[in-house]
Amino acid sequence: MPQYQSFPDAPGDSLSLAKLKALRLPVLVGQRFLDLGCNEGFFCGFAKFAGAAQVVGLDASALYIERARQRFAGVQFLQQSWDQLPPGPFDVILLASSLHYASDQADLINRAIAALSPQGTLVLELGIAEGEQREWVEVQRGADKRLFPTWAKLTEVLAAHAWKLIANSVAQKGDPVPRYTLHINRRKPVAYLVMQPPGFGKTMLCRELFMPAGVPVVSSDDSLLDIAHQRVPANQALHAVVAARCTPYLLDKTLLAVLAAGLLPELVQVWLAKAGGRTFALDSPLPEPYHAQLETIMTNEGYLPVKLAWDRPGTELQAEGKVSDMADAFVAELPPPAGVTNAPTMPFKGALGAVVQLGVNSKVIDVTGWAVYQDGRMPACLVIKLGEHVHATTLFNRNARPQVQQRLGLPHPMVGFNVRLSIPTGVLPAQVLDLIQVYGGPDAHQLSGPFSKEMLKPREAS
């Protein structure tokens, strides 16, 4: 079976690292992650690396699942079709480069969304066919023919859900259709919370904005009168407080009495019963200290609370730059599978590197540079010598050096380092530039160097 996903030790047809960046996966820390059609588990491995609490990969291929299990311990890989999804719910579900293999693509999308947690996100990466019609278009690929939706068809399929186009994805070899990444969430009914104090024109706004749009308006004042006259079902304690002081001229004080009695949750149930599970607007002079409580109640009831401005639903997106850096760091830390020896061939033996900046004061030395071992990875150990003083460390800050990656043809740019150490006794700051020597290797016993200092820029350490 040909290699599809790409790893540092095994290039494949798919540019997996570039695709990972284009997916813009949400924050995964503590989340439950499912990859439908996981292949050899590249994205599952990233989810585990990014802090997901549970990672599940599903693929029908026994060979790909076995390879995935060898690469990524601590990930649950299931060899099965997606006709039956594993028990959820999941906070993030990934369906990348595989929807066109489904016999019923719309059904698979809807079942994946049904498996999401209330705030969950389906990350869908797929090809879009040309055309203005709402249809599935048969496309001749390199080895077969598959159906791809037009934008009009995909919009129709996703009509019941909330979705956002995130980015163009990576072109696929042998696939003539352009690819895109979408994030999809369950659509929630909206509770428009119009809660300014009396005299701010709330009722007029509702009449001009929401009623013409067919959005029902629930009035706090009308609800209190209905409770007082037993025209709607209400909690007994709520009815007692409202009935004791409710007149058309004291509704604001009645509302305050309800709040003082801790009965806002009971009052909200009356509002929700009037809304009937639909999107609605609430016209109420609810005091600001109670806004957060109301929003929490509405959220727990499955609504999207909006205070005259939309908030984004679903799990949080990571900053694009952070996703890129984490993806590079993930690939940089991938160990080769057991028994694999075909590491990248570098045009040198041992370790190659350079010290590009020194920060020195009377207390500390900051050493900044880059280093690459002969296997294309960063040395696991750095040794800094200052005359007779030797500092060996495996704990140092790593950062990206794209220019080094490009120059050496590395699979990732994560070869930069920064080390801070205390200035040794007997060494003067003015001596550091001449004395310092930096070595690197897989451990403290297999070192190469010293690294170049030709482009060194001294500065005072902060």
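Tutor: The model is predicted, and its largest nonpolar core has 33 residues, of which F280, L294 and M298 have the most contacts inside it. At least two residues of this core come from each of strand 10 (190–194), helix 7 (220–228), helix 8 (236–245), helix 9 (251–260), helix 10 (264–275), strand 12 (280–283) and helix 11 (291–300), with helix 10 giving the largest share, 7 residues. If neighbours within four places in sequence are left aside, M298 is in contact with A191, L193, V268, L272, F280, Y303 and P305. Another core, of 30 residues, lies apart from this one and includes L17, C38, F72 and M326.

Turning to the helix pair, the axes of helix 7 and helix 10 come within 11 Å and cross at roughly 105°; because angles of 65 to 115 degrees count as roughly perpendicular, helix 7 is roughly perpendicular to helix 10. Helix 7 makes this contact through S220, S223, L224, D226 and I227, and helix 10 through L267, V270, W271 and K274, which by class amounts to 5 nonpolar, 2 polar and 2 charged residues.

In helix 6 (residues 202–210), K202, C206 and F210 are buried, and they lie on the same side of the helix because they cover an arc of only 40° around its axis. Strand 10, strand 11 (217–219) and strand 12 are among the elements that cover these buried residues, whereas the exposed residues R207 and E208 are carried on the face of helix 6 turned away from its buried side.

Technical notes: Residues are numbered from 1 along each chain as its sequence is written. This is a predicted model: local features need pLDDT of at least 70, side-chain atom pairs count only at pLDDT 80 or more; totals for chains, interfaces and linings use all residues. Side-chain values use heavy atoms; hydrogens and water are left out. A nonpolar core is a set of buried Ala, Val, Leu, Ile, Met, Phe, Trp, Tyr and Cys residues joined through side-chain atoms within 4.5 Å. Buried means under 20% relative accessible area, exposed over 50%, partly exposed in between (1.4 Å probe, protein chains only). Helices (H or I, at least four residues) and strands (E, at least two) are DSSP runs, numbered from the N terminus. Contact means heavy atoms within 4.5 Å. The arc is that of the directions from the helix axis to the C-beta atoms. Axes are lines fitted to C-alpha atoms, for helices over the stretch in contact, and angles run from 0 to 180 degrees between N-to-C directions. Angles under 35 degrees count as roughly parallel, over 145 as roughly antiparallel, 65 to 115 as roughly perpendicular and the rest as oblique. Ala, Val, Leu, Ile, Met, Phe, Trp, Tyr, Cys and Pro count as nonpolar, Asp, Glu, Lys and Arg as charged, and the others, Gly among them, as polar.
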